[in-house]
Amino acid sequence: QHREWSIPADFEYARLRGLKTEAAQILSQRRPTSLGEAERLTGVTPADVAVLTVALARTEAALGRGLS
């Protein structure tokens, strides 16, 4: 389940293309630890969560690790 995927504490939301500025600011301030937590934040849309999901999958794939 995607909601359980962890988000690194040092994740740079401002660098994500396609993520709304408002969402990047909220995520940077609140620092959710999982996608499920991120999607429950006010101001973060399903489209923002989709962008974040793809970015996390790409990051993990580049590192040769699976998501947990």
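Predicted model: local features only at pLDDT ≥ 70, side-chain atom pairs only at ≥ 80, totals over all residues.
I'll start with the overall layout. The protein has three helices and zero strands, so by the DSSP assignment the order along the sequence reads α-α-α. There are 68 residues, and buried ones make up 35% of them. The accessible surface comes to about 4500 Å², and carbon and sulfur atoms hold 49% of that. As for contacts, take those with a sequence separation of 6 or more: 54% of them are between residues 24 or more positions apart.

Next, the core. The largest nonpolar core has 18 residues. Which of them have the most contacts inside it? They are Ile-7, Phe-11, Tyr-13 and Leu-52. Helix H1, residues 21–30, supplies at least two residues of this core, and so do helix H2, 35–39, and helix H3, 46–63.

Stay with Ile-7 for a moment. Setting aside neighbours within four places in sequence, its contacts include Tyr-13, Leu-52 and Leu-56. Ile-7 is also in contact with a run of residues from Pro-32 through Thr-33 and Ser-34 to Leu-35, and with Ala-38.

Ser-34 is on that list, and it is worth a look of its own. Ser-34 sits in the loop between H1 and H2. Is Ser-34 buried or exposed? Its relative accessible area is 16%, and because the cut-off for buried is under 20%, Ser-34 counts as buried. A polar atom of the Ser-34 side chain lies 3.1 Å from the backbone nitrogen of Glu-37. Beyond four places in sequence, Ser-34 is in contact with Arg-3, Trp-5, Ser-6 and Ile-7.

That brings us to Arg-3, in the segment before H1. Arg-3 and Ser-34 are 31 residues apart along the chain, and their C-alpha atoms are separated by 6.6 Å. Which residues does Arg-3 contact, leaving aside neighbours within four places in sequence? They are Ser-34, Leu-35, Gly-36 and Glu-39. With Glu-39 there is also a polar contact between side chains, at 2.7 Å. Arg-3 has a relative accessible area of 48%; exposed would need over 50%, so Arg-3 is classed as partly exposed.

Now over to helix H3, where I have two residues. Thr-53 is found in H3. What lies 2.8 Å from a polar atom of the Thr-53 side chain? It is the backbone oxygen of Val-49.

How far apart are Ala-57 and Trp-5? In sequence they are 52 residues apart; in space, C-alpha to C-alpha, the figure is 9.3 Å.

Methods. Residues numbered from 1 in each chain as written. Heavy atoms only, no water. Core = buried A, V, L, I, M, F, W, Y, C linked by side-chain atoms within 4.5 Å. Buried < 20%, exposed > 50% of the residue type's maximum accessible area, 1.4 Å probe, protein only. Helix = DSSP H or I, 4+ residues; strand = E, 2+ residues; numbered from the N terminus. Contact = heavy atoms within 4.5 Å. Polar contact = N/O pair within 3.5 Å; in protein donor to acceptor, adjacent residues only side chain to side chain. Areas by Shrake-Rupley, 256 points an atom, 1.4 Å probe, with all protein chains shown as cover.
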